[in-house]
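Student: Could we go through this structure together, so that I learn how to read helix packing, nonpolar cores and a sheet?

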Amino acid sequence: MNDRPSQPSPTRRSVLAFMTLAPVAGALAACATPGGRQAPAATPTGRAVAGNPFGVASDAPVEIVVFDGGYGQTYIKRPIELYRSKHPKADIKQSATQQIQQSLQPRFVAKNPPDVVNNSGSNAIDYGALVGDKALLPLAPLLAAPSWSAPDVTVADTLRPGVVEVGTHGGEFLVLNISYGAYGAWHSSSLFKEKGWTYPQTWDAYLDLCEKMATAGIAPWVYPGQFPYYMFWWLASMIYKVAGKEVVEKINNMEKDAWTDERAVAALKAFEAVPANGWVLKGSSGLNHTDAQMQFLQGKAGFVPGGSWLEKEMGDSVPAGFDMSICRVPSITTADDRPFGALCAKAGEPYVIPRDAANTAGGLEFLRAMLADDSAAGFIAQAGTLSANRRAELPGDAKHGLASINAALAEAGDNVFGVKLDTRNSRLWNDIAKVMGRFMNGDVKAAQLATEAQRLTDAARR
């Protein structure tokens with residue numbers, strides 16, 4: 001839900017093992033599905049006409065299952081209303097559960113899945129298995145369709161950078177992530193104003209600021225030592241700043257010489273000054289994420305790692321006028337690949353259409369309604385995070401942190417990247433994060449972090 005790495009999902013092997021328990025159901029489903037549902041059409045869409053790009057049958061029922069997480073279910077009401085406005089005869093059934101795998105995996109096996117699935121949370125169905133078994137409908141027709149709110153613009157043209165990339169598996173766009181978050185570190189704009197500090201655009205100035213913080217009795221950094229993966233986004237952002245997309249993609253793809261690339265090592269060495277100078281709040285190694293964030297909110301630390309969810313997660317604990325703001329990585333060298341303003345950002349909260357759904361055309365139409373400008377704006381207002389639709393406007397009462405992310409993304413333009421290692425190999429992600437924790441504690445240096453991260457990567461790739 002919050003776009004943070006969750007507990008590892010069931011493996012492809014475990015999913016397939018379950019499937020072997022229901023061969024009869026699968027065979028029966030090939031002829032007729034339970035509950036009187038008709039077998040899916042051979043093609044995902046009907047005949048397209050103006051205003052109905054997928055040829056949706058006006059009276060065909062649609063079933064939608066939403067993950068019952070922190071975003072709630074209120075945001076789903078507006079796209080349902082939009083769908084009904086065009087297809088008033090359709091019976092729309094919407095339900096929610098936290099047990100996506102347990103509830104829906106048997107229905108995938110029986111070829112009787114819902115038409116739209118919000119496959120999210122720690123109990124999501126493993127994507128490796130879904131992709132490997134070709135259980136998901138390709139969403140290319142959605143990208144090419146006219147957007148709901150501006151028919152002269154395609155759906156693809158309304159999406160933020162990386163939305164299609166993160167939802168592409170095996171060369172096909174299969175997963176639509178409807179939220180969009182920024183990752184890295186946070187600071188308090190009001191604290192900076194009070195102290196007369198300016199957020200720096202160069203790394204030398206950043207280190208000078210850290211020295212000023214320490215002199216003022218404020219630890220420059222705090223981090224959740226119990227969950228050191230929070231540092232992944234900031235350190236990866238520094239690597240992206242220096243080396244660009246090439247090296248980050250090598251890290252995401254678990255390639256040789258990714259972490260040990262001299263540009264990656266240079267970025268890590270720049271940050272090494274923080275633990276080396278004692279600029280990490282004492283006791284950070286024992287903190288969980290909310291404890292670390294509370295130290296930051298109480299003014300005991302100047303920077304804390306985290307993503308878009310932090311402001312909403314801390315709720316009333318955020319002091320009035322704190323003015324939480326996302327940090328951009330300062331320029332580290334004169335030869336940096338990316339400009340100041342480059343940002344780690346990625347789409348999240350995945351939606352899929354099962355290939356065996358009875359109404360795949362309706363599923364595509366519903367996803368199109370979800371990406372309508374007003375649906376996306378409603379999602380922002382209710383979820384407290386940005387939408388994958390770049391056209392959606394923020395509510396008038398948007399919190400400072402959310403507004404700062406929106407402004408930072410506008411400045412970054414296409415200079416954004418996503419860390420995808422957490423979804424490709426969660427064990428490797430956590431193993432490298434443990435080394436990052438030791439790095440933050442000053443137990444290992446930057447070169448050692450790079451070497452160990454590469455050793456773990458090479459071992460995972462074999």
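Tutor: We begin with how axes are defined: they are lines fitted to C-alpha atoms, for helices over the stretch in contact, and angles run from 0 to 180 degrees between N-to-C directions. This is a predicted model, in which local features need pLDDT of at least 70 and side-chain atom pairs count only at pLDDT 80 or more, while totals for chains, interfaces and linings use all residues. Residues are numbered from 1 along each chain as its sequence is written, and side-chain values use heavy atoms, with hydrogens and water left out.

Student: At what angle do helix 11 and helix 12 pack?

Tutor: Two packed helices are described by the angle between their axes and the distance between the axes. Helices (H or I, at least four residues) and strands (E, at least two) are DSSP runs, numbered from the N terminus. Here helix 11 (residues 230-243) and helix 12 (residues 245-252) pack at about 140°, their axes being 7 Å apart. The two helices are therefore oblique to each other, given that angles under 35 degrees count as roughly parallel, over 145 as roughly antiparallel, 65 to 115 as roughly perpendicular and the rest as oblique. Contact (heavy atoms within 4.5 Å) is made by Ala236, Ile239, Tyr240 and Ala243 of helix 11 with Lys245, Val247, Val248 and Ile251 of helix 12.

Student: Which residues have the most contacts inside the largest nonpolar core?

Tutor: In soluble globular proteins, nonpolar side chains tend to be buried together. A nonpolar core is a set of buried Ala, Val, Leu, Ile, Met, Phe, Trp, Tyr and Cys residues joined through side-chain atoms within 4.5 Å, where buried means under 20% relative accessible area, exposed over 50% and partly exposed in between (1.4 Å probe, protein chains only). The largest core has 136 residues, and those with the most contacts inside it are Trp221, Trp234, Leu235, Met238 and Phe271. Helix 11 gives the largest share of this core, 12 residues. Not counting residues up to four places away in sequence, Met238 touches Trp203, Ala267, Ala270, Phe271, Val329 and Ile332. Another core, of 14 residues, lies apart from it and has Val65 and Phe67 among its members.

Student: What is the order of the strands in the open sheet?

Tutor: Two strands pair if DSSP finds at least two bridges between them. The open sheet of three strands has the order 2-1-3, with parallel pairing. Strand 2 (92-97) and strand 3 (116-117) stand at the edges with a single partner strand each, so one side of each is left without a neighbour in the sheet. Strand 1 (residues 62-67) is joined to strand 2 by six bridges, and Phe67 stands opposite Thr97 in strand 2.
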